[in-house]
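User: I'd like to learn how to read a sheet and a helix in a model. Could you walk me through it?

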Amino acid sequence: ADKTGLYSMVVRDENGTLKAIPYAQYFADPLQETAKLLDDAAELADDPAFANYLRLRAKALLSNDYQPSDFAWMDMKSNPIELVIGPIETYEDQLFGYRAAFEAYVLLKDLSWSERLSKYAAYLPELQTNLPVAAAYKKEMPGANADLNAYDVIYYAGHSNAGSKTIAINLPNDEQVQLEKGTRRLQLKNAMRAKFENILVPIADMLMVPEQRNNITFDAFFANTMFHEVAHGLGVKNTINDKGTVRQALKEHASALEEGKADILGLYMVSQLLEKGVISEGTLEDYYTTFMAGIFRSVRFGASSAHGKANMIRFNFFQEYGAFSRNSDGLYRVNMDKMAEAIDALSRLILTLQGDGDYDGVSALVAEKGVIKATLASDLQRLTQANIPVDITFEQGKKVLGLSNQ
Ligand SMILES: [Zn+2]
């Protein structure tokens, strides 16, 4: 029982038989300590909905039932301080992508940016309807009251601080909560800007043609990342042929394909909203070119990460469509018309594979396109030789925040 669950460890008993032990039991000591701290924090919280969430989250750590606290998290709207904590993402489970790893983020909400972002969520149902795929693959309606907020991060812990640093989150992952309440998208602005300035701009200076370097903008980077999160809400959570949830049908490939979906549909959304005039900043060329430079940035995370794999598939797919070209100096140029075609075609492919729960089809796609070919590898090598970092690391903690003298 619970072999596909999110919150248990699979171990052998004394007879050599496999059994599942809930996290609450397996990690009892640290979880009891954490739950106590969350209850203490709830006493200090001014916002009643936030206090309620903290208490329910403490309870979840001890009961292994996270759903009530996920619902409570979606119900709180006015808290200026945010805490995301618990076993959440499944990228760390490299066997089937079922188990969630513990992590935490302490965040401060940027109220003015959040207001600016909230208007986009209203377009989700309309954008779902217009997806470039057959009607059967867009039957689920994304929650319309989902919210989109910008934050500055002040602390990353556990899984979120163990490797590549997330710049945007879309939660909760619980499919039932998503269908009833939608999701919250958290854009981590200060972390995003650090990556843009220290990584993306230097990459573009080395790999993009000079004429398109002016199209690399923070607004476009921010929007592409933001719409990636919104796009997680598009498409389907359940297969259309009774194979259960997409996540379970696609097993260890589920995360890579879901990330690939969010990337490509994010860009699709940007182009739709630009056309409608809902987005007024920048040009389509800004968004496409910044997206292209973003692929080089993400591919560097390598084959073991879901985001890295998704980016390689997209790079190779774009290349086949002629969405970009590479000149004899090793500089890349986005071809606008072909790029638009490639975006539609890749969106259709991913949405269909997900809706069909086509595990074999996804395996073939990952095997064929989830690889870094020689030319790209040598271009990435140039970035490494130029000492352009793959990721940022954080100096954080009470002392950095001026909250402690130790
Ligand atoms: Zn994502």
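**Reading the sheet and a helix**

Analyst: Happy to. An open sheet of 5 strands runs in the order β3-β4-β5-β7-β6, with mixed pairing. Strands here are DSSP runs of E with at least two residues, helices are runs of H or I with at least four, and both are numbered from the N terminus. Two strands pair if DSSP finds at least two bridges between them. This is a predicted model, where local features need pLDDT of at least 70, side-chain atom pairs count only at pLDDT 80 or more, and totals for chains, interfaces and linings use all residues. Residues are numbered from 1 along each chain as its sequence is written, and side-chain values use heavy atoms, leaving out hydrogens and water.

User: Now the helix: which residues of α17 are buried?

Analyst: Buried means under 20% relative accessible area and exposed over 50%, with partly exposed in between (1.4 Å probe, protein chains only). In α17, Leu376, Asp379, Leu380 and Leu383 are buried. They cover an arc of only 100° around the axis, so they sit on the same side of α17; the arc is taken from the directions from the helix axis to the C-beta atoms. Ala374 and Gln385, on the other side of α17, are exposed.

User: And what comes just after α17?

Analyst: Asn387, which takes a positive phi of about 60°.
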